[in-house]
Amino acid sequence: MSNREKLKNLVLDVFLLDESEFRFDLRREDIGTWDSLGTVSLAVGIQDVFGHHLSPAEATSLASVADIVAILRARGVDFPDA
Amino acid sequence: MRILLDRGDSVTHDLEESWGGPATFAFLPQRGGVPEEWALQALGQIPASMRTGHFALLSSGSTGEPRLVLGSRIRAEALARALHEVQASEPVRRAVALLPLTYSYAFVNQWLWARTLGRAFERTAGFAQPARLAAALDASDQAMVCLVAAHVPLLEQHFGDRDFPGVIRVHFAGSRFPQERLATVRRLFPNAEIFNNYGCIEAMPRLTVRRASDGDSAADVGRPLPGVELDASPDGRLLFRSPYSAVGFCDATGFHEIAADEWVATGDLGHRGRDGRWELDGRSGEVFKRYGEKVSLPLLLESVRSAWGGAGAFYRETDPLGEPGHVLFLSPRPTPEQLHAILAIFRERLARATWPLRIESAPSVPMLAHGKVDAGALATAPERRVEWSQRLG
């Protein structure tokens, strides 16, 4: 599975989105279930799926799917087509 | 004082003898109970004044710790008569028992009722011997059965489209009333009046009764029996005072007397409803705060009923941040569509803090002998599988 697919599945799972709702340009305000507890779930999920730990400050700074991609890219995770 | 172990069919003779004799006795399951030494030690703590004319049953209660609960035979017989009146049981000629007799519900509502009112009593092995159970129900004429909600799917599974017209009273107790399966119960027992009984072993065991036809909510347990008082504490705990209640109990810390005028916690949360009826909000452990949000596990299960018709149960778990949480356990395994529908309900109707940490499934739910979910065994159930996780534990 590509990293793109992995991230998509993680976001669907954590925020209970339908597949048809997912886009890589989704922002936090587009996702009703992205609350503070959702941020914790997302951070744990990133650790589980990509093996990278986010600090609380990094986790709370995430404001979009693009931010997740950016922070993972900065850790060396490859997102060639995102 | 003596210990009477439930050794199966022959025990009713021993029970009759023990009930008719002066000595206080403990009636215990032969298997899955407590060591006989523990029971003997517990009995030894009973005050001299209660060593005659009483009986004791075993409960793990809401704490999971064994308790020997002591009842008065005079009070229990009075309760059997009160139930007879309230449930209009005069036409009933026979009690057919499916549940273990050491369970206070079967003991008082069926065995003692039959003994006190001079009716026939027939014991079956329940679903351990379905053919014998079916034969007993088929042969029944003006009979009464006492069920727990978990029996309804088992009746359907084992007996399909059959019905049992000879059963004229069906009682439920011991767990949430199966309101959403009433049509099935009515089909299985087309001539029966159906009752929701509520109580706890400390009440020995009944507190309220309602006819199924008098309400449309599983939480509605009806009105208190004559002489029984219910109240809710400021934090929502349901309390009772009853002329039929247990007189005390023994646990690891000794004997604890229940005074005649004492308010006793049922272990449930509840509130006064309309017309003097009472409604349950859940077991004390089933309602808790998580990240400041009130979580009610019974309400949570209720909210997914439109998407899930199978069995549902919960076990508690603390999340990695130290907050209390819960895991939703489903059986049989949900289809992807059902799982999607359940998650859609979470998303649309429930705050995230009330979502379970995980949804798990297994082909069957671990059950205790008396038909309640074995909550302690859910986390280690065979073939357990994670269907969805919040990734918080």
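What percentage of the contacts in chain B between residues at least 6 apart in sequence join residues at least 24 apart? It's 65%, where a contact means two C-beta atoms, placed from the backbone, within 7 Å. Before you zoom in, note that this is a predicted model: local features need pLDDT of at least 70, side-chain atom pairs count only at pLDDT 80 or more, and totals for chains, interfaces and linings use all residues. Residues are numbered from 1 along each chain as its sequence is written, while chains are lettered from A and ligands numbered from 1 in the order in which they are written.

**View 1. Chain A is built from 4 helices and 0 strands.** Helices (H or I, at least four residues) and strands (E, at least two) are DSSP runs, numbered from the N terminus. Reading from that end, you get α-α-α-α. Of its 82 residues, 24% count as buried, meaning 20 or more other C-beta atoms (placed from the backbone) within 10 Å of a residue's own; 12 or fewer is exposed, and in between is partly exposed.

**View 2. A:L16 sits in the loop between helix 1 (3-15) and helix 2 (36-50) of chain A.** Its phi is near 55°, a positive value in a residue other than glycine. Most residues other than glycine have a negative phi, and most peptide bonds are trans. A:L16 counts as buried because it has 23 C-beta neighbours inside 10 Å.

**View 3. B:D275 lies in the loop between strand 16 (264-272) and strand 17 (278-283) of chain B.** Here too phi is positive, near 55°, in a residue that isn't glycine. B:D275 has 8 C-beta neighbours inside 10 Å, so it counts as exposed.

**View 4. Chain B has a cis peptide bond from B:M204 to B:P205.** Omega is near -20° for this bond. Look for B:P205 in the loop between strand 9 (193-199) and strand 10 (206-211) of chain B.

**View 5. B:S331 and B:P332 are joined by a cis peptide bond.** Omega is about -5°. You'll find B:P332 in the loop that links strand 21 (324-331) to helix 9 (336-349) of chain B.
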